[in-house]
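Visitor: I would like to learn how to read a few features of a protein model. Please take them one at a time.

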Amino acid sequence: QVQLGESGGGLVQPGGSLRLSCTVPGSIFGFGRMGWYRQAPGKQRELVVAETNGGRKNSADSVKGRFSISRDNAENTLYLQMNSLKPKYAAVYYCRGVAAFSNAQHWGQGTQVTVSS
C-alpha cells in the first residue's frame, strides 16, 4: 500500500505564504492526476489544485492566482505554493495521486494549515 507524505503546514499570518510538499514513494512518474485537496472543520473535502489526464490543471476559483502546484521529478515531490493566505483557507491539506499501474487513489495523512493573526 502506498501512502503519500505531506509536510510544510503550520501557522501563518494573513497575507503570508506557505509551501506544502508531497513526497511520493518510489518514483513520481508512477503517479498521474496528482494534486492537493483540503478539508476545513465541518466541511467536505474539496479540490484545491490538481493535474488532469490531459496534462492541464483544475483548480478552485477561490485559489486561482494565489495557489499553484509544481513537480520536482528529481526529488519525487509535488509542491503546493500558497500565497496571500487568508483565514478562510485554513484547513487540513491532503495530497492525492493516482497510481498508473493499479489506477488506485493514494492519499497522504494531511498537513494542517492555520491562518491567524
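Visitor: Is E46 buried, partly exposed or exposed, and at what relative accessibility?

Guide: This is a predicted model, in which local features need pLDDT of at least 70, side-chain atom pairs count only at pLDDT 80 or more, and totals for chains, interfaces and linings use all residues. Residues are numbered from 1 along each chain as its sequence is written, and side-chain values use heavy atoms, with hydrogens and water left out. Buried means under 20% relative accessible area, exposed means over 50%, and partly exposed is in between (1.4 Å probe, protein chains only). E46 has 38% relative accessibility and so counts as partly exposed.

Visitor: Which side chain meets E46 in a salt bridge?

Guide: A salt bridge is a side-chain nitrogen of Lys or Arg within 4 Å of a carboxyl oxygen of Asp or Glu. The partner of E46 is R38, at 2.9 Å from N to O. R38 is buried, with a relative accessible area of 5%.

Visitor: How many salt bridges does this rule give?

Guide: The count is 3. One of them joins E51 and R71, with the closest N and O atoms 2.7 Å apart. E51 lies in strand 5 (residues 46-51) and R71 in strand 7, so this pair ties together parts that are 20 residues apart in sequence. E51 is buried at 18% relative accessible area, whereas R71 is partly exposed at 30%. K64 and D61 also meet in a salt bridge, at 3.1 Å from N to O, and D61 is exposed, with a relative accessible area of 64%.

Visitor: How are the strands arranged in the open sheet?

Guide: Strands (E, at least two residues) are DSSP runs, numbered from the N terminus. Two strands pair if DSSP finds at least two bridges between them. Here 4 strands form the open sheet in the order 1-3-8-7, with antiparallel pairing. Strand 1 (5-7) and strand 7 (67-72) are the edge strands, each pairing on one side only. Strand 3 (residues 18-23) pairs with strand 8 (residues 77-82) over 6 bridges; the bridge partner of S21 in strand 8 is Y79.

Visitor: Which residues does the disulfide join?

Guide: A disulfide is a covalent bond between the sulfur atoms of two cysteines. The rule applied is a pair of cysteine sulfur atoms within 2.5 Å, and the count comes to 1. The disulfide joins C22 to C95, with S to S at 2.0 Å. C22 lies in strand 3 and C95 in strand 9 (residues 91-99), so the pair ties together parts that are 73 residues apart in sequence. The torsion about the S-S bond is about -80°, so the disulfide is left-handed. Both C22 and C95 are buried.
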